[in-house]
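Subject: Handover of a structure and notes on what was found

Dear colleague,

Please find below the sequence and structure that I am passing on to you.

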Amino acid sequence: MPWLKEFRAIYETYRGNPFNSAQWDVVHADPAECLHVVAGPGTGKTTSMVGRILKLVFHDQIPPGAILATSFTKKAAEELRSRILSQGMELKPLLLADYSVPAAAKAWIDEVDVNQVLTGTMDSICQDILRESKPPGSADPEPVDAYVASTVMFRDGFLFSGKMSDKDVESYLRDFHGPHPFGYNATKKGGLIEEIYQRWNNDCVDYAAFAASGTPEEQNAKTIVRDVIERYRTKLDELGAIDFVQLEAEVLRRFRAGDDNVNAWRDRLQVVIVDEYQDTNLLQEQIYFEMARSCKTITVVGDDDQSLYRFRGATVELFVDFPARMNAGLGGTASQHFLRENYRSTQPIVDLVNGYADLDPDYQTVRVPPPAGGSRGIICQSSIQPVFPVVGLFRATPEELAEDLASLIHDVFRGGGRMIPGVGNLIREPGNGDLGDCCLLGGSHQEFAGNRRRLPRLLREEFESLNPRIDVFNPRGRSLADIEQVILFGGYLAHVIDPSGTKLDASAIGQYATPTRDVIQGWKDVAANHHADAATPQDLKDYVQSWFDRDAGPGKTWPRRVSILEFLNGLRHFFPFFRNDPEGLIYYEVFTRQFQACQRIGSWSGDIITNSAKPNWEERAAFDLIEFMLGPIASGTVGVNEDLVESFPRNRFSIMSIHQAKGLEFPMVIVDIGSDFKVNNQQQRRNRAPEWGESSHKLESEIRPHAKGIGVPIRSEIDRAYDDLYRKFFVAFSRPEQVVLLVGLDKSRPDTGSLKNVAAGDDRNGNRRWPGNVPITYL
């Protein structure tokens with residue numbers, strides 16, 4: 001290729017380090033070549049993608065607007081775009097200034113604008129397609145967020161169907177929940193119906209055939225579920241709205257219908273690049289194939305070992321079998337590339353990751369096979385010093401574990417460090433080191449299991465007792481309805497919405513969940529006691545009282561219509577927690593997002609109505625606020641979504657689920673491999689040695705026979721549950737850069753633990769196979 005060698009030299013000089021051979025193979029591959037890139041953790045997949053895009057633009061003279069690059073999450077897509085723009089804009093003048101670049105190439109480079117590269121998530125790209133291809137005079141479809149969708153599905157779909165207690169529906173959904181009743185309630189039922197709806201669309205299911213299968217009781221249940229979903233869709237139609245599943249399905253429908261406007265958008269593409277392809281579902285795969293149908297050039301990048309989102313419809317087989325599926329869907333072949341050189345982690349961590357990936361013999365059968373005569377194991381290229389061994393901290397009880405773990409973290413980040421035998425002192429980085437360099441990962445971030453305090457809660461309490469105290473960042477760890485500040489805030493809100501106290505009992509809330517009505521009443525009681533307390537600031541009392549009495553002040557008239565958001569913003573002034581605390585900021589955003597949902601779904605735009613001549617207006621507006629704003633928060637129908645947690649404060653200790661940590665890395669990672677496992681509890685086995693599949697596995701078995709374009713699962717539900725557990729802890733073990741600390745109860749110790757636990761090194765047959773080259777230093 002003309003001046004390719006020169007392009008590489010200029011680019012690598014700019015970057016300050018060279019591409020390794022595998023990365024360069026991806027970067028410089030022919031523009032028309034389809035690639036299947038298997039990128040292990042920390043191996044520079046984003047570096048390779050950005051390099052390929054800039055090579056396509058500057059060297060191959062592909063118009064930037066003809067390149068589409070997507071990723072799975074909004075954050076990852078923003079990071080990808082940021083790197084394309086920053087590197088592209090900095091590389092451009094270097095190319096123009098270098099004598100080795102041909103004059104004709106410089107003429108192109110001088111005019112090109114890397115800002116025109118199309119980037120985003122599947123959903124954002126689909127939204128752009130429909131916006132750009134809409135017929136003249138038609139309205140843009142308005143996607144609703146998860147808060148609105150969940151509220152509409154539960155209320156207008158499930159609640160108002162009158163079928164919540166139907167015995168066939170009850171039995172059918174109960175089978176998906178699993179053999180134990182814990183957590184099976186109205187909210188869970190609604191969530192299962194939503195999961196069926198997602199799967200129905202994501203797996204391109206023939207619902208008529210699906211509904212006609214099974215026993216008469218199952219057929220009746222499926223018919224009712226379909227009716228619930230249709231009620232949900234009808235309500236969205238009335239609102240002029242569309243959810244993201246419908247958005248994607250509509251784009252695919254238009255592609256296949258030969259819509260001229262959509263086809264014109266597709267025909268301008270010359271290259272399609274998809275990141276995190278292991279989390280793609282069948283519907284999205286079909287859309288990507290349609291996007292690439294004209295150019296027939298698609299690159300997918302991912303790692304099947306890091307596929308975590310089956311519960312959202314992700315189908316890892318689409319990545320594993322991509323070369324064959326692409327050939328069947330588009331024609332042609334895809335070259336396979338393995339990125340293996342890891343720049344993130346030290347050798348003991350790399351050994352742990354490799355050993356764990358190879359631990360279970362049966363798991364190897366579902367992975368992308370290694371290259372002929374080669375390996376998939378990652379290779380350590382990190383120069384971080386000092387190199388710490390894998391460390392373990394295990395105790396007899398959760399309380400002892402929390403106390404000793406809190407002490408260790410305090411020593412490392414607030415004290416003089418902690419000596420690790422045979423290595424030296426483990427201490428924060430001088431100058432810049434802080435708690436944000438460390439996190440706790442586990443199967444769940446929840447602080448309570450029923451009334452039992454889990455390790456995240458015990459740690460929070462231990463941290464608060466230390467001097468200086470350590471603050472925790474775990475906004476998804478508790479139910480909103482149980483958080484003291486949320487209770488008080490929600491109670492004042494309920495009083496202002498319903499000063500007479502008569503509308504709560506009359507609202508639809510009481511029809512579907514008496515406990516939810518009781519929760520809101522409990523909030524009101526807490527707020528009333530707080531308002532009566534002599535220690536409560538008088539200006540707060542006066543502010544709330546003015547809204548309660550609808551009193552605008554001397555000589556002023558209270559408006560007939562006023563947004564409840566105005567009250568929320570004013571009330572927030574009296575709650576520093578909601579203004580300054582990182583967790584409080586997120587909780588407040590839940591209130592504002594649910595207000596937006598109320599605006600969208602309700603008939604009164606989230607307003608309080610004060611009109612003595614129209615008391616029914618006052619009542620209906622109050623019902624809207626109770627049912628659409630307060631009710632979903634109090635019932636747990638909505639909570640803190642992952643997309644609300646955009647960053648992690650440097651001065652707090654973060655606790656998160658392994659799913660949340662996907663795509664992140666930290667100098668020190670604490671992985672909880674067994675703090676819950678005291679005894680051979682059957683309910684807890686799902687997190688260490690499954691005896692049954694999760695709802696996602698059961699739904700696959702139920703739905704796949706009627707899916708178009710993908711076969712029936714060939715592995716049992718239990719085997720798929722094991723596969724997903726191995727993937728989950730593979731992700732956890734591959735997050736740290738320098739230190740990985742395994743924690744749990746003594747029964748989960750990899751060397752002496754008696755409970756079967758995949759995270760402690762057991763294969764699915766119960767054989768302990770902890771990697772022999774990964775010694776653990778126990779504290």
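This is a predicted model: local features need pLDDT of at least 70, side-chain atom pairs count only at pLDDT 80 or more; totals for chains, interfaces and linings use all residues.

Seven strands make up an open sheet with parallel pairing, in the order β17-β20-β14-β21-β22-β11-β23. Its edge strands are β17 and β23 (776–778), each of which pairs on one side only. Within the sheet, β14 pairs with strand β21 (residues 666–674) in the parallel sense, over four bridges. C438 has M668 in β21 as its bridge partner. Helix α19 (residues 455–465) packs on this sheet and touches β14, β17, β20 (653–657), β21 and β22 (736–745). The direction of α19 makes about 175° with that of β20.

Helix α31

Helix α31 covers residues 717–733, which is 17 residues. At 1.5 Å a residue the helix should span 24 Å, and its end C-alpha atoms are 25 Å apart, so the two values agree. Is this helix enclosed or open to the outside? Of its 17 residues, 14 are buried, and α31 is therefore largely enclosed by the rest of the structure.

Salt bridges

A search of the whole structure gives 64 salt bridges.

The side chains of R720 and E700 form a salt bridge, with 2.7 Å from N to O. This pair links distant parts of the chain, since R720 lies in helix α31 and E700 in helix α30 (residues 695–703), 20 residues apart. Both R720 and E700 are buried. The two residues also belong to a network of salt bridges that links R199, D203, R310, E700, R704, R720, D724 and R727.

A second salt bridge joins the side chains of R478 and E447, at 3.9 Å from N to O. Here too, distant parts of the chain are linked: R478 is in the loop between β17 (472–473) and α20 (484–497), while E447 is in the loop between β14 (438–442) and β15 (448–449), 31 residues apart. R478 has a relative accessible area of 18% and, because buried means under 20%, counts as buried. E447 is buried as well, with a relative accessible area of 0%.

Residue K45

K45 is found in helix α3 (residues 45–59). Leaving aside residues up to four places away in sequence, K45 touches A39, D275, E276, V301 and L339. With two of these, the side chain of K45 makes polar contacts: with the side chain of D275 at 2.8 Å, and with the side chain of E276 at 3.2 Å. K45 and Y726 are 681 residues apart along the chain, and their C-alpha atoms are separated by 22 Å.

Yours sincerely,

A colleague

Technical notes: Residues are numbered from 1 along each chain as its sequence is written. Side-chain values use heavy atoms; hydrogens and water are left out. Helices (H or I, at least four residues) and strands (E, at least two) are DSSP runs, numbered from the N terminus. The expected span of a helix is 1.5 Å times one less than its number of residues. Buried means under 20% relative accessible area, exposed over 50%, partly exposed in between (1.4 Å probe, protein chains only). A salt bridge is a side-chain nitrogen of Lys or Arg within 4 Å of a carboxyl oxygen of Asp or Glu. Contact means heavy atoms within 4.5 Å. A polar contact is a pair of N or O atoms within 3.5 Å; within protein, one must be able to donate a hydrogen and the other to accept it, and residues adjacent in sequence count only if both atoms are side-chain atoms. Two strands pair if DSSP finds at least two bridges between them. Axes are lines fitted to C-alpha atoms, for helices over the stretch in contact, and angles run from 0 to 180 degrees between N-to-C directions.
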